[in-house]
Structure formats: C-alpha cells, structure tokens
Amino acid sequence: MNRTAQASVLFLLGGAVLYAGLTDLYLRYVKSALLPLLLASGAVLIVAAIVTTWFEWRRPRAAVGQHTEHEHREPRIAWLLVLPLLALIFVAPPPPGSYVAVRTGTALHAPWDLSALPAGDPVRLGLVDYAGRAVFDHGSSIGDRQITTSGFISLDEGGTPYLVRMVLNCCAADAQPVKVGLTGRIPPILQPDSWYEITGTYTAEQTTDPINNGVIPYIDVVQARPVPAPDDEYESRF
Amino acid sequence: MTTNAAPTQGARREADETQGWQFNSTLVLSMLLLLAVAGQGPIRRVLSEPVMQGWTTVFVAVVVQALPFLVLGVLLSAIIAVFVPPSFLARALPRHPARAVPVAGVAGMVLPGCECASVPVAEALVRKGVTPAAALAFLLSAPAINPIVLTATAVAFPDDPRMVLARFVASLLVACVMGWLWQRVGRTDWLRPPTRPSSAGSGRAAAFWGSVRHDVMHAGGFLVVGAMAAATLKTVIPASWLYTAAGIPVVSILTLAVLAVLLSICSEADAFVVASLPQFSPTAQLAFLVVGPMIDLKLFAMQAATFGRGFALRFAPTTFALAVLTAAVVGAVLL
C-alpha cells in the first residue's frame, strides 16, 4: 500500500470513528464512557492522514522513486483495516439481542447499592436494578410499590418469555444478558427482540437459568406497553 | 539510436513500475470502496442472518473498543521513539538487566489501558535501547496490573477482594519470570529488527507522524485479524461445553486459560466475563485473568507483527504455560 492509499485509509477510518462517535452509533458497540477517547482517536487518525498527505506532497520528486522501493514491504495486512470501516459504515450491525440472550446464561451479580428507592409510585427502575433487588434483597427495598422497567423480549426453547437487558462492561463482545421472568398479565403474543415497558410488582417467584444455574427473578406484570428500542440498549453495572 | 534507447527504455519501465504500483494501491482502494457501495444491498442481506449478525457485531465491537487504546499506545510509542533521549531511559532503569526487569514490571502500573496499548510502547522501548528483558516484563505486566484493571476486578468480585491481590501477584510474577527467562535464554536475533521508514534526514514532526502512520497501519491490520478470530470463536463455541468442563478440576483451569486466549477480551472487561461463570473454581477464574492480558489471539497477531513471527512462536507458548502454572500455584496459596 503506498502512502496516498495509507493516508486515505487513515482518513476514512478516522472519519468512520468520528461519525460513530458523533451519532449514537457507537453506543451499539461500546460504553458511553469511551466517547472522549473515541473522538480523540478519530481526530488523531485524521490529523495523521492530513500530515502524511502533506509530507508526501512536499517530498522532492526525485526522492519518490527511491523511497517506494523501500516502501514495498509496507504491510499488506493494512488492507484489512478496510473491513471494520465497511462494516461500521455500510452494515452497522445491531447490538446483541434475543439470539445471544437465549444462548447465554443470565449474568446477575450482587448489586452495590441497595439503598431506598427514589420517590414515586410506580417508580422507574433499570431491569438489572430490579433483578438485583428482587434476588439479593428479596424485594424488601421494593415493598408493595409498582415498578416500571423496560427491556427486550427473548423466548427460551419452550417458548417462555423473558424480559432481557444486555449488560455491557467494555464492549459488545462481552455483553451478557440479565433476564427477568414474566408472570401476571402478560400480553398474549410477544415477538422476540421487541421492546416493552413493563409496569408490575415484586413477586417472590424465581427460577434458574438452565444454561448456568443463575437465578432469574420474576415480575408480576400489571401493564405491558410496546416501546421503541432506546438509543443505548445496554445497561451498565455501575 | 537503438543502443541509446535500451537503457532509457529500461529506466522508463522502472519508473512506470514504481508509478504503476503507486497508482495501483490507490486505485484498488477506490475500486474496493465503490464495489462496497454498489453491493451493499446483497452484503446486508447475507449479514442479516442472526449468526452473521452476531459475528459482525462482535467484530466491530472489538475493533471500536481497541482502536482508541491502540492510538494511545501508538502516540506514546511515537513520543518515546522521537522525543525521549535514550540516556533518560538508561538512567531511569537499573543498569543490571536482572534488576531492571522487576522495575519495568512494576512500571507497568502507570500505563492505564488494555493490552493493545502496551505492544507498540514495548517496541519503542526496545528500539530506544532498553534491554529486551525489561521491555518484555513491561509488555506483560502493563495490561494486567494497572489501576483501571485492578479496580474493575474488585468491582467484578465484590465478595472476594483476594482475587485482586491474587491477580496482581500472579501477573507481576509471570512478567518478571518471563523477563528473567528472556535474559537467560533469549537471543536477540529472535527479535526481528523493525522494518520502518528511516527517519534520518527528515525533521522530528515527520518522524513522529511517520511512526504513528506506520504503527496504526501495521498493528491495526493485525488487530483486525485478532478481532475476526475472536468473533468467529465467540460465535462457534457452544456454551454447554464450558459448563461440562467446569466440573473437572485440572481441565477447568486449562479450559478457562484456553478460553482467555480465544476470546481476546480487553483486560478491562475480562473480570466481569469470568465472574459470570461461577461454576468454575476461583483458581480457574484466576487463570483466565492472568492469561488473558498476556497472551490472546489478538495479542499474538500484534506481537508477531511487531517483534517477528520467530519471536511470537517462542514467546507466546512459554508465556501461556508459565501463566497457567503461576495462576494455579498462586490460586492454591491465596484463594
């Protein structure tokens, strides 16, 4: 790859990273905390591309032929950088959904914060927060109050629906599901990967995930409302 | 006339060839992008299968996650290469290699990132005349014992703070032993002399940006290889295998160690992944945490690119064996 082509790849890669960072596209793949680093690295790549072009343009004509011989061994492997570029811009794959959730055990850990719920009834809680309080606190911090939470639907092999939220630690490669079972007034037809906002109450009912024996708490559904998928489909542990 | 024309023609052909090559790679790139734009419909259809979708998501995610850290490492590497005089590094590290190794290992604590950043930095250290044994100790310890990674480990194992201590001790131990081992049996000719554009004659700015461009293109290409391998394995390995292996004592340690190599997860995230596999023993989990930042598919590809295949083929298996062994011993003592 010659320097002009290298500069083009650097420029396009930097541009793609900036584009993903400035739209909400990056939220499909990494945590929002990575945004500053992502934008900075995109800017560095673009500056590197511009500087490379500048030096290439200013390089004396006589030196060009001489230098190319030296550059022939410039890595072929660099061509592969075009792949993530194309995947990010043209394909933009969606975050992991029910396909992954069915095949992965629930990843519920003991929560850090079991302090009192914010005011309001129904009170809005993250799905992971609800699951943590239901399992490790046996619902005592929830009491009789109604909870509103959201997630996407995943059906296990027997067709039992779960409300799922993927939890992200670093990037989508380590995304893991946290599952909550549904009981009470469940809508008759639930499509996998459709998003629902569920209002319900704590129930002591629990089951275990056959994949990893992880505990899956239930929520007693009072009302289920289809909603569009949020910008950031992941929940974070912190 | 004919006698005169021959050399001129030869010279012209040579010039044409070099020009043609330049023309070619830019042209190929443009064609490739045009093809992608034209064929995006069919490509999207193929990739909308759940399996392919999962693959592409993991692939893009690994690259997007690692790229900022790669750029950070590349910038640091270029700064070391261009602006830090060799005499400074010589003064900062003990003269004797055997004592330089643990100092470099502990110095790994200051590079706050994951493994993608440490490869170019270690390479710059070697080029600046730091003894390879010390640079390799730094390469192995930096991604495992920096504060961000240790904090993430503490958060992932809230009931078991000893896991943080065990990870720190075992990782530092492996890094130092590998450094000393290199000093004992390592040969400099295993390390490929870096092929990079000579910066002689050009200014510091040109050298700096030349180093950045070269490292991003080079290490970035191998990062893509690693990401493809990790995405493939993550999609292919059935989860049920893991749960069977967890019950068998020695197998469980080896399973998680191999899994750490195959999955190539960022060292800032690996603790959370392994914490959600509670059916494995703490020692097996420790093996995952010690092996992962030191050697995985992505790192192997990047090490082979930076230091040469001959080096990587010797270094990677030794690191793996030593890391598993150390994790088993430290796990038995501390956990």
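Which residues of chain A does UniProt place in the feature "domain: DUF1980"? The unreviewed UniProt entry gives residues 144–234 of chain A. The legends below describe close-up views of a predicted model.

**View 1. The annotated span of chain A and its division into domains.** Residues 144–234 of chain A, which carry the UniProt annotation "domain: DUF1980" from an unreviewed entry, are 58% strand and 0% helix. Chain A as a whole is divided into domain 1 (3–90) and domain 2 (98–236). Taken over C-alpha atoms, the centres of domain 1 and domain 2 of chain A are separated by 41 Å.

**View 2. Strand β3 of chain A and its pairing partners.** Strand β3 (residues 161–168) of chain A is mostly covered, with seven of its eight residues buried. Strand β2 (residues 147–155) of chain A runs antiparallel to β3(A), and four bridges join the two. Within β3(A), Leu163(A) stands opposite Ile153(A). β2(A) and β3(A) form a hairpin with five residues between them, and Gly159(A) in the turn has a positive phi of about 90°. Strand β4 (residues 176–184) of chain A also pairs with β3(A) in the antiparallel sense, over six bridges; here Arg165(A) has Val178(A) as its bridge partner. With strand β7 (residues 234–236) of chain A, β3(A) pairs in the parallel sense over three bridges. Met166(A) stands opposite Tyr234(A) in β7(A).

**View 3. The surroundings of Val221(A).** Val221(A) lies in strand β6 (residues 215–226) of chain A. This residue counts as partly exposed because 19 C-beta neighbours lie inside 10 Å, whereas 20 or more would be needed for a buried residue. Beyond its neighbours within four places in sequence, Val221(A) is in contact with Leu182(A), Thr183(A), Gly184(A), Arg185(A), Ile186(A), Ile198(A) and Gly200(A). The C-alpha atom of Asp113(A), 108 residues away along the chain, is separated from that of Val221(A) by 24 Å.

**View 4. The contact between chain A and chain B.** Chain A gives 62 residues to the contact and chain B gives 60 residues. On the side of chain A, the elements that give two or more residues are α1 (3–22), α2 (35–58), α3 (61–71), α4 (82–91) and α5 (98–103). The largest share, nine residues, comes from α2(A). By class, this side of chain A has 44 nonpolar, 15 polar and three charged residues.

**View 5. Helices and annotated regions of chain B.** Chain B has 16 helices and zero strands, and 51% of its 335 residues count as buried. An unreviewed UniProt entry annotates several spans of chain B as "transmembrane region", including residues 164–182 and 240–263. Residues 164–182 of chain B are 100% helix, with end C-alpha atoms 27 Å apart. Residues 240–263 of chain B are 88% helix, and their end C-alpha atoms are 16 Å apart.

**View 6. Helix α12 of chain B.** The 15 residues of helix α12 (residues 249–263) of chain B should span 21 Å at 1.5 Å a residue, and the end C-alpha atoms, 21 Å apart, agree with this. Among the buried residues of α12(B) are Ile253(B), Leu256(B), Leu259(B), Val261(B) and Leu263(B). Ser264(B), which follows α12(B), has a positive phi near 50°.

Methods: Residues numbered from 1 in each chain as written. Chains lettered and ligands numbered in written order. Predicted model: local features only at pLDDT ≥ 70, side-chain atom pairs only at ≥ 80, totals over all residues. Contact = placed C-beta atoms within 7 Å. Nonpolar A, V, L, I, M, F, W, Y, C, P; charged D, E, K, R; others polar. UniProt positions renumbered as here; feature names shortened; annotations may be inferred. Expected span 1.5 Å × (residues − 1). Buried ≥ 20, exposed ≤ 12 C-beta atoms within 10 Å, placed from the backbone. Domains from an automatic or database assignment. Pairing = 2+ DSSP bridges.
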